[in-house]
Amino acid sequence: MVGIDKINFYTPNTYIDLVTLAEARGIDPDKFIIGIGQSKMSVPPISQDTVTMGANAAFPILEKADLELIDLIVVGTESGIDESKSVGTFIHDLLGVQPFAKAVEIKQACYGATAGLMMAVDYVRLHPDRKALVIGSDISRYGLATSGEVTQGAGAIAMVISSNPRILEIEGETVALTQNIFDFWRPNYSDTAIVDGKFSNEAYISSFHTLWEEFMRRTELKLSDFDAFCFHMPYTKMGKKALLPILENEDKDLANQLIFNYDLGTHYTRHIGNIYTGSLYLSLMSLLNNPDHKLTAKSRIGFFSYGSGAVAEIFSGVLVPGFEKHLLKKEQEEHLESRISLSIDEYEALFNETIPKDDGIHTINRSKTDNSLFYLKEINEHKRIYGK
Ligand code: HMG
């Protein structure tokens with residue numbers, strides 16, 4: 001049995017309230033709060049990037065024994081900091097993982113962390129005494145005053161994958177789907193994404209339905225074998241648009257239970273925004289940390305991972321006895337509660353800040369609000385130097 005042994009998330013501790021954003025853009029706040037289903041959006045300072053966010057998510061769940069047993073670090077990201085050197089190499093160093101490990105970065109939009117999870121699960125199945133660290137870390141940027149702006153966000157998730165996991169066993173049968181489409185993409189020369197919003201919604205929904213049919217056909221599982229579903233969540237309404245049609249002709253109690261659990265999984269995304277690769281796993285933490293769910297050991301959760309461009313996958317996991325004792329609910333909720341609200345001017349200033357691009361030595365101006373453990377300290381002749 002292989003799966004998620006530990007899991008955590010990190011998000012920068014500054015955010016913009018979406019009522020403030022709506023008013024600044026001359027938009028009815030109900031569009032953002034109800035129509036899109038988002039309330040707050042994390043905004044990263046210049047001292048937080050894909051590396052620091054990933055390390056900040058992973059550090060609290062790693063003990064000395066993990067650092068010695070981790071053979072593989074996979075970072076899913078689409079907002080990495082170098083075209084050549086992987087985010088994984090920096091994180092390997094910051095966390096102090098044993099030297100004979102491999103550290104890589106995987107890119108396929110928001111699907112990257114799931115590709116990492118599948119690679120990690122396969123690795124541990126072959127090497128049951130060893131562990132893998134999977135990280136999804138991203139900053140989502142569409143641009144100021146664009147239609148995608150309200151669906152930005154920033155954050156990272158980290159998961160330790162091991163044998164005899166203490167949270168969730170990943171089941172064997174998964175189904176993936178690849179389509180070469182332009183629903184959302186970001187050319188190398190652009191620091192904001194290009195998106196065909198309506199088409200991206202349609203592609204997400206149709207990918208889910210195609211995969212769900214194929215998943216049921218291959219596994220012989222049916223809807224009633226599931227207790228909850230977690231979705232990649234670019235904004236909280238998105239997954240529900242995909243889920244509702246498959247509930248239409250089902251037992252009402254089952255449908256209500258799945259909708260109820262879906263809603264429990266939306267809470268963290270509503271207050272953080274789209275964290276791209278980590279989003280699906282943020283939804284899992286939001287669901288499991290909520291005291292209102294009735295999930296127990298052996299409850300089966302379905303997962304829908306979607307990364308524009310597009311690769312999607314459905315897989316399933318089963319909760320293991322005592323899973324609730326291994327969640328970091330208190331720490332995670334304190335982290336969310338202690339964040340600082342930005343004015344619109346402060347948000348726009350952070351959004352427009354860029355790192356120096358010349359070959360000088362530059363200290364990064366770390367704002368007083370960034371009290372995270374790992375931070376970007378210096379750019380030294382194009383090299384990123386991190387502080388702890
Ligand atoms: P938009 O054109 O600003 O919004 O784009 P809209 O006009 O479609 O309205 C959105 C909803 O608000 C609608 O509800 C309106 O009725 C409602 P719906 O029909 O969807 O149920 N509404 C109101 N409700 C209450 N009061 C009001 C009001 N006004 C309108 N006054 C869009 C929205 C999400 C498309 C845009 O923000 C966008 O392009 N976002 C980025 C793309 C995206 O998130 N796509 C999701 C699927 S693709 C994906 O998940 C992959 C991704 O994560 C990237 C990756 O893989 O790396 C994005």
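We'll visit the ligand, then one serine.

A word before clicking: this is a predicted model, where local features need pLDDT of at least 70, side-chain atom pairs count only at pLDDT 80 or more, and totals for chains, interfaces and linings use all residues. Numbering starts from 1 along each chain as its sequence is written, and side-chain values use heavy atoms, leaving out hydrogens and water.

Now pick out some polar contacts (N or O atoms within 3.5 Å). Lys 31 puts a polar side-chain atom 2.7 Å from a ligand oxygen. For His 232, a side-chain N or O atom sits 2.8 Å from an oxygen of the ligand. On its own the ligand has 1100 Å² of accessible area (Shrake-Rupley, 1.4 Å probe), and the protein covers 75% of that.

**Stop two: Ser 86.** Jump to the loop between β4 (70-76) and α5 (87-95), where Ser 86 lies. Is Ser 86 buried or exposed? Ser 86 counts as buried because its relative accessibility is 12%, and buried means under 20% (1.4 Å probe, protein chains only). Show the side chain of Ser 86: it reaches the backbone oxygen of Ala 103 at 3.5 Å. Leaving aside residues up to four places away in sequence, Ser 86 touches Ala 103, Val 104 and Glu 105 (heavy atoms within 4.5 Å).

Key:
Helices (H or I, at least four residues) and strands (E, at least two) are DSSP runs, numbered from the N terminus. Buried means under 20% relative accessible area, exposed over 50%, partly exposed in between (1.4 Å probe, protein chains only). A polar contact is a pair of N or O atoms within 3.5 Å; within protein, one must be able to donate a hydrogen and the other to accept it, and residues adjacent in sequence count only if both atoms are side-chain atoms.
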